[in-house]
Amino acid sequence: MANKKATCYILNVNHAMSLYPDNVFSKSLETITCSIEDRVLAGRKTDLVSVLLCGTPETRNALAEATPGQYERIFAMTPLAMPTVQLLKDLSNVTTSKESEPPADVLDALIVAIDMIATHCRHLKYTKRVVIFTDNKSTIDWLDLSAVADMLKNNQIELTIVGADKKELESDECSEIVKTNYENWQTLIKEGYEGDIADLEEAYAQTQTIYAKEVTARPAYRGFLYIGSPISKEPFLPISIHTYLRTKTVALPSSTKVSKLSDGPTKKVERSSNYVLDVKNEEGETTSEVQVEKENIQKGYQFGKTILLVSEEELGVAKLQTKKEMTVIGFIPSKEVPRQYLYSNAVVLTGGALRVEESNRALAAFAEALYETDRYALVRFVTVDGAAPKLGILQPELNEVCPILLYFDVPFDEDLRNYKFKASINPDDVDSDSIALMSNLIDDMNLDIFDDDFLTPENTFNPIAWRFQAATKARALNENAPVPELDKRFEEQYKLNPLIENKVKDLEDKLIEQFDIKKVQQKGKKKRGFGQIDDGESASMDDILNTASSDARKRPNMDTDTIPALTQEKVDTIGLIYPVKDYEAILARTDDDEDTVEKANKLMHRVIFSLLNSSFGNQNYKKVISCLVALRKTCAAEDDASRYNSIIHEVKSWCNLSKLDNTRRELWDMLKENHLGIITNEECQDVDTKDVTKEVAEKFWNETEEDNLLAGAAVDDSEKFDVDNLEDLF
């Protein structure tokens with residue numbers, strides 16, 4: 001398997017490491033921890049890690065067991081393996097040794113690391129590396145330097161020394177032992193395989209740098225670009241190509257369902273499904289349930305109110321048979337392709353595996369010709385055999401190396417959203433002062449005053465992804481760890497730069513005056529109450545107390561009081577006994593943080609169809625009409641007309657007007673008598689009903705008119721009535 005890695009970290013825990021200023025030992029430990037955290041987060045099984053502690057009171061390594069009395073005070077925390085959260089937890093508890101403990105030979109720890117890597121990797125293709133975090137004030141036995149260098153060279157192991165006292169080497173007061181040790185490390189790297197000597201501060205700063213995860217280049221498509229049809233008898237040109245994604249949105253890791261009861265590391269749970277068929281009687285009531293075996297399950301597609309059953313064999317026959325290809329259909333001027341048509345990820349074309357040199361030369365010539373003629377190539381693209389064909393364009397791009405081609409999917413007509421918006425102001429009506437102000441604003445906010453790298457995609461990172469990773473790392477070590485604050489390096493994405501803020505400050509008053517800008521209280525997701533009390537009205541405490549005492553009754557009125565009123569509890573749901581009073585009680589509530597109007601309308605929607613479906617004949621029709629009257633009044637007043645229009649269409653469908661002798665027609669006649677048709681744009685300012693004119697409203701009463709929901713008036717599935725919830729309404 002390609003790109004396999006084996007890394008062994010050596011941390012000197014000698015007591016001298018704790019005597020350095022600037023928390024040398026803590027930075028060394030944190031640098032190792034950050035590097036391992038990234039590996040745990042990536043979860044690659046081929047990225048192996050081990051940690052050796054040099055200078056511990058205990059000894060645990062393979063060479064010490066094989067040769068007693070040697071390689072002492074070297075402790076292997078883990079063998080060479082995929083890093084785990086437990087290793088991170090163990091690292092968080094590592095401290096320096098006591099002053100009384102003698103130091104261990106760091107070169108012995110390097111030999112143990114080489115042996116560990118050589119034993120595990122043998123001569124397999126690995127990227128092998130040893131990283132040592134140490135100071136150089138302790139004595140090291142360099143007699144075996146040449147032998148160790150040969151071991152590094154023979155096993156192709158890269159050696160990196162992260163020196164805690166490297167800056168001391170550059171000063172005149174550097175001790176001889178420090179100079180000698182650094183010189184020998186340099187000799188070891190030179191005679192060995194590869195390596196470097198780094199400063200601890202530089203290594204630590206590198207772990208604090210925000211960077212994007214490297215992605216291995218893998219072709220998304222391996223095939224041919226055909227100029228001309230390969231199935232015709234005419235000559236055609238096949239160009240061997242590979243395609244690679246140029247851009248792709250990186251999604252956050254998805255969560256999985258696990259068991260809270262499990263003590264294991266994975267907490268994995270298995271999912272099982274049962275298919276049950278409801279057996280109903282003539283009245284439509286469920287009398288029993290029959291379990292259906294999986295082999296008897298078949299796919300069905302809804303056609304109106306009918307379910308069309310389709311077998312797997314029929315689906316296979318109906319499937320469009322296609323072959324993998326990218327075929328040029330023709331060429332179009334680039335100006336005829338609007339920017340919104342390029343709606344897919346960018347894909348770059350390169351030469352394929354066959355005749356690589358000729359393929360690259362053909363692609364470069366093709367891209368150059370498209371660029372010079374200012375045209376795009378329209379292509380038919382099938383990624384694999386049997387896949388749905390797509391239409392796309394090839395866009396030329398000239399870079400410093402050679403011309404290349406970028407592929408973008410283009411939409412079909414069904415994929416376009418040709419929304420109609422209100423007409424904007426005529427450009428001829430814009431006054432010159434407004435244009436001048438906006439021009440000055442653009443000039444003052446020009447980003448040319450910053451470096452070329454300011455907020456460029458190559459140097460701008462996703463703050464949500466960073467925070468998710470930081471929170472994951474923190475929670476892995478501490479279940480009660482808080483979600484970390486957003487790093488200050490992301491501030492330039494969501495805060496106006498002070499330089500720009502100072503430049504536009506002079507334009508602020510002019511813009512406010514020119515465009516009559518006023519501060520408006522944001523409604524957002526705040527609660528919306530029905531019939532709010534006017535802040536202008538005032539009353540004294542005596543008036544309130546007198547009113548309360550005059551309205552007090554010693555015993556409740558069982559004919560007029562609802563159950564919630566009798567129990568003196570706030571109304572949270574709408575019952576089937578007094579639905580309108582419960583509805584009005586919810587609307588009148590002001591103690592909730594949620595939108596009471598939306599909540600009440602959703603509950604009333606459920607109650608209306610509960611009454612209809614549980615009605616014996618016309619028993620509940622009058623109660624339904626009273627509910628619709630209250631709902632229509634509220635929706636018209638609170639700009640929620642689209643919800644009512646959707647509900648009244650459902651009621652019309654429930655009446656089943658296609659049958660002339662249907663008993664439900666009585667409800668339809670009652671709807672007409674009470675003028676409970678759809679709400680027009682003259683009755684309500686809801687933007688979703690801007691196209692609902694009186695003519696459209698009149699068509700609603702046409703019994704032969706097919707009942708289609710108005711555009712924008714759809715109701716969420718969660719609001720539709722479910723018989724299983726009927727008991728909750730009583």
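What covers the buried residues of helix α3 includes α1, β2 and α12 (463-477). This is a predicted model, and in it the buried residues of α3 (residues 85-92) include Leu87, Leu88 and Leu91. The background here is simple: an α-helix has 3.6 residues a turn, so residues three or four places apart point the same way.

With a relative accessible area of 13%, Thr46 counts as buried because the cut-off is under 20%. Its side chain makes a polar contact of 2.9 Å with the side chain of Arg44.

Now for strand β17 (residues 403-409). Seven of its seven residues are buried, so the rest of the structure largely encloses it. Pro403, Leu405, Tyr407 and Asp409 point one way, while Ile404, Leu406 and Phe408 point the other way. On the pairing side, β16 (residues 390-398) runs antiparallel to β17 and is joined to it by seven bridges, with Gly392 opposite Asp409. A hairpin of four residues links β16 to β17. Strand β14 (residues 347-351) is antiparallel to β17 too, through three bridges, and Leu349 faces Leu405 there.

As for confidence, the chain has a mean pLDDT of 84, and 88% of its residues reach 70 or more. Over residues 547-568 the pLDDT falls below 50, and this stretch has 14 contacts beyond near neighbours in sequence. Residues 708-730 are also below 50, with 37 such contacts. Where pLDDT is low, the predicted coordinates should not be read in detail.

Notes: Residues numbered from 1 in each chain as written. Predicted model: local features only at pLDDT ≥ 70, side-chain atom pairs only at ≥ 80, totals over all residues. Heavy atoms only, no water. Buried < 20%, exposed > 50% of the residue type's maximum accessible area, 1.4 Å probe, protein only. Polar contact = N/O pair within 3.5 Å; in protein donor to acceptor, adjacent residues only side chain to side chain. Helix = DSSP H or I, 4+ residues; strand = E, 2+ residues; numbered from the N terminus. Contact = heavy atoms within 4.5 Å. pLDDT = per-residue confidence, 0-100. Pairing = 2+ DSSP bridges.
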